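Here's a guided walk through a two-part model, taken one piece at a time. Keep the structure open and follow along.

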Amino acid sequence: MYLRAGIDSLPRMSLDSISLARSAVPGFAIAVAVLIAGLLLALTVGRYPVSLGDLLSVLYAKAAGHRADVAPAVESVIWQVRGPRVLAAMLVGTALAVAGTAFQGLFRNPLVSPDILGASSGAALGAVVGIYLSLSVFAIQAVAFLGGLVAVGVVYVIGASVRSRDPILVLVLTGVVVGSLFGAGVGLVKYLADPYNQLPAMTFWLLGSLSATGVSDLLPLFGPVAAGAAVLVALRWRMNVMSLPEEEARALGVATGPLRIAIVAAATLVTSASVATAGIIGWVGLVVPHLARSLVGPDFARLLPAAAILGGGYLLLIDTLARTMAQVEIPLGILTAVIGTPFFIWLLASVQKNWS
Amino acid sequence: MILEGDKLTIGYPDRVVGAGLDVQLAKGEVLALLGPNGGGKTTLLKTLLGLLTPKAGEVRLDGAALSSRSIRERARLIAYVPQTHVATFAFSVEAVVLMGRTAHGDLFARPTSDDRRVAAHMLDRLGIAELAQRPYTMISGGERQLVLLARALAQEPQFIVLDEPTANLDFGNQGKVMREIRALAASGLGVLFTTHDPNHALRAADRAYLLRGGERIAEGPVGEILTRERLEALYGAPVQMITDGSGTAFVPG
């Protein structure tokens, strides 16, 4: 322990103050504020407006266990109509943000999104095949979920069997190639589909929406998202080290191969579950991790929870916009792209000074 | 405890870089690896670290095959200081040094208060304690090199392997790293470093290992091995030797 010679002369007080110096409290406060604003807006705004007072008395009555002193329609709008959709939007936003955070760290690239390894294109192929075969809604979701897992599995097996000095690059390139093959499959199924009945359903699904979400969707969404996120949170310190170059991470004692499989599996589980419920919603998994990183810094111990909270709030706001902006619902994927594209361009312009 | 390579054939899956290489590094000793670009220095170094598998021969630590130890055990025995690079994410300097503690905790562990004390101690030892809360992306190249050295020290290893530790440093910081290498050996570590500057080997190393085209040209105490003739043969270029009362220096001719 000769390297520690003199270590006891270091004052303990100063060490404690160091770890508190860069507090993440303001960053988390902003994330929570966004989530609360999203919740209040999503529950009150819409075709049947609910006043803030009515919302609070309904929530209070539920907590206290008695009936609220409001019109029954208000309660029904909050609990039956908007409630499940609000929870689903939060879960999907959280899922995409957490998966994006994990993939950006794993691929050491801040411009990566959760569908980098083909989870979305695999789920898309599963869903359109399900619609083409006129399966039940639940079965379509199940096939989409499996499609996402299978696509990433295929990408991983191919990527791992190619011998290369840069396994990360091979994995990303394989993801792009396999993703475009699945995309061709989606095109083929759309081409073969009944243009009056099936094709609109496929298009709607591929653009992403929560309009058909009900209570029964919540458990199949919550289970995989919670399981995947729990694995990622448990590995948070190792994920910091995994964002170093491969050889450095190994020299620091991290078995990068098995750990990469665990992180990819957890993030894919989370992504596939959200895509199966809500269809393809791009950009959230790219944009939110950046916003979260600017709020609380790059340490995954803070970044993962911050991204989870912010992602939930972000998609709640977008979904509220989607159902209130126009007479017809606007697909989520279109709104997130309209917001995400300028953000991405700004990111490219400023990435030099921020990340290097 | 000795880190040794026995008749190593080194290289990558698709090509062989060098063959028949024997290396020994004892604790408390500094070995400098010299040679022209592409001569196999970095490949040999990564093989000794266990980052590359030798194509033939064996790397042994304390008499047992390095490959018989887990990746975590290895990280507690041998630390690696890579050439500085641009980091993707703006971790604080303290967080970067704390990453050196990873092998001391289990799969789900977070840095403990003891880990924080070790990290702070190593930053202090290298005179960069005031950088602790700065983003690693916002400090100078020389400071980054010292931070990576602090991270390696935080591993509390028995051996430390540095890849061109002076490559990105200004004149003053080069001297600082050379002094630190001597101090590490004095406190009992075995140190291996690669360098393009024979003067650094002369100054900081006990022994020099000359590698050209994947072959060992010469090995031995720096005072005997580093001669004008050998260096001219090693680099295939004229070299001048300057000697005065205070010592010897080599200058490319």
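A:Trp283 is buried, with 23 other C-beta atoms within 10 Å. Here a residue is called buried if 20 or more other C-beta atoms lie within 10 Å of its own, exposed if 12 or fewer, and partly exposed in between, with C-beta atoms placed from the backbone. You'll find A:Trp283 in the loop between helix H12 (256-278) and helix H13 (284-296) of chain A; helices (H or I, at least four residues) and strands (E, at least two) are DSSP runs, numbered from the N terminus. What makes A:Trp283 worth a look is its positive phi of about 75 degrees, although it is not a glycine. Most residues other than glycine have a negative phi.

Before going on, some ground rules. This is a predicted model, so local features need pLDDT of at least 70, side-chain atom pairs count only at pLDDT 80 or more, and totals for chains, interfaces and linings use all residues. Residues are numbered from 1 along each chain as its sequence is written, while chains are lettered from A and ligands numbered from 1 in the order in which they are written.

How far can you trust chain A? Its pLDDT, the predictor's confidence in each residue from 0 to 100, averages 89, and 94% of the residues score at least 70. Residues 13-21 of chain A are another matter, with pLDDT under 50 throughout. Where pLDDT is low, the predicted coordinates should not be read in detail.

Now hop over to chain B, where an open sheet of six strands runs in the order S6-S7-S8-S3-S9-S10, with mixed pairing. Two strands pair if DSSP finds at least two bridges between them. S6 and strand S10 (215-221) of chain B stand at the edges, each with a single partner strand, so one side of each has no neighbour in the sheet. From one strand to the next, the twist averages 15 degrees.

Zoom in on strand S7 (residues 159-162) of chain B. Both of its faces are covered: B:Phe159 and B:Val161 are buried on one side, B:Ile160 and B:Leu162 on the other. Strand S6 (residues 78-81) of chain B runs parallel to S7(B), joined to it by four bridges, and B:Val81 has B:Leu162 as its bridge partner. S7(B) also pairs in the parallel sense with strand S8 (residues 190-195) of chain B, again over four bridges. There, B:Val161 partners B:Leu192 and B:Ile160 partners B:Val191. To get from S7(B) to S8(B), the chain passes through helix H6 (residues 171-186) of chain B, and this β-α-β crossover is right-handed; that is, with the strands pointing away from the viewer, the path from the first strand over the helix to the second runs clockwise.

B:Glu156 has a positive phi of about 50 degrees although it is not a glycine, and B:Glu156 is buried, with 20 other C-beta atoms within 10 Å.

Finally, where do the chains meet? The contact takes 41 residues from chain B and 36 residues from chain A, counting two residues as in contact if their C-beta atoms, placed from the backbone, lie within 7 Å. On the chain B side, H4(B) gives the most, with six residues. Helix H1 (41-49) of chain B is among the helices that supply at least two residues each, and eight of the nine residues of H1(B) are buried.

Methods
Axes fitted to C-alpha atoms, helices over the stretch in contact; angles between N-to-C directions.
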